[in-house]
Amino acid sequence: MKKIFTLFAAVAVSLAAFANEYTGKLAVLINGEGSAQDETITITKDSTNADGFDVYTLSIKNFTLVSGETEIPVGNIVVSELVGYEFNGKKLVLANEVVKITEGDKEGVDMWLGPTMLEDGVPVSLVGKFDETTALVDIVIDMRSILEQFIYVNFDNNAAPGPQPEPGKKGDLNGDGSVNAGDVSALYELILNPEE
C-alpha cells in the first residue's frame, strides 16, 4: 500500500511541475488600434520529443477581448506541440500554424466568436520565452482574408519599465546632449514663460 501511495504522490508532483500559470498584461493591437487587459495564460509541458526537447502547450482559457466598454468573448486559444529550446536560461518556443479556437465555459456567455465565426481556425505566428516565474509571448494573427484585420498580441507578466534616459549634463536645459546657445534660449523662454 505504501508503494502505491508513493507512486501516486510522485505522479501528482510531476504533473504539478508540468503546468505554470502566468498572470500579466495582454496587449492587443487590431489594425493599429490597441487595448490592454489583465489575462492569465497557462504553459504546460506535455512530453519530451525524440531529440530530447521538452514539448509544451500554451493556452488562454475563456479569452475575452476588452476594448473600452465593449467585451467580445473569443473562446479558448490553445497552441500545442511547441518545442522548447534553451535560450539565455529560458525556454524559447516558436509556432506558425492554424489554430482552432474552441468554445469557452465562462458563465453568462451565450456565444463565443472563435468557434462561431472562425470555425476553420486562424493563422497564428507565435514566439514565446518563459521560465518558472516569467513569460513573454508575441502572437501575430493574420485575419486579413477573413475579417480584414491584422492582429498583434503581446503577453508579459513581468513588464519592466522601458529604458530610462541617461542623466543630462548640467546646464543642458533643452536636452540635446550638449551645453550651447540653445540652452540660453531655453533659459530665456523659461524665465519669460514660467510653467505654473
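For the lining classes used here, Ala, Val, Leu, Ile, Met, Phe, Trp, Tyr, Cys and Pro count as nonpolar, Asp, Glu, Lys and Arg as charged, and the others, Gly among them, as polar. The model is predicted, with local features requiring pLDDT of at least 70 and side-chain atom pairs pLDDT 80 or more, while totals for chains, interfaces and linings use all residues. Residues are numbered from 1 along each chain as its sequence is written, and side-chain values use heavy atoms, leaving out hydrogens and water.

**Cavity**
- One cavity of 30 Å³ or more is counted, a cavity being a set of points on a 1 Å grid over the protein atoms alone where a 1.4 Å probe fits but cannot get out, with lining residues having an atom within 4 Å of a point.
- The lining of the largest cavity consists of L26, I41, L58, I60, V137, I139, V153, N154 and F155, and β3, β8 and β9 are the elements that give two or more residues to this lining.
- By class, eight residues of the largest cavity's lining are nonpolar, one is polar and none is charged.

**Pocket**
- The largest pocket (an open set of grid points with protein on both sides within 12 Å along at least five of seven lines) holds about 530 Å³ of space, where a volume is the space filled by probe spheres set on the points, joined across faces, edges and corners.
- Its lining comprises 27 residues, with V28, I30, F63, L65 and I151 nearest the centre of the largest pocket, and divides into 22 nonpolar, four polar and one charged.

**Chain**
- The chain has four helices and nine strands, taken as DSSP runs numbered from the N terminus (helices H or I, at least four residues; strands E, at least two).
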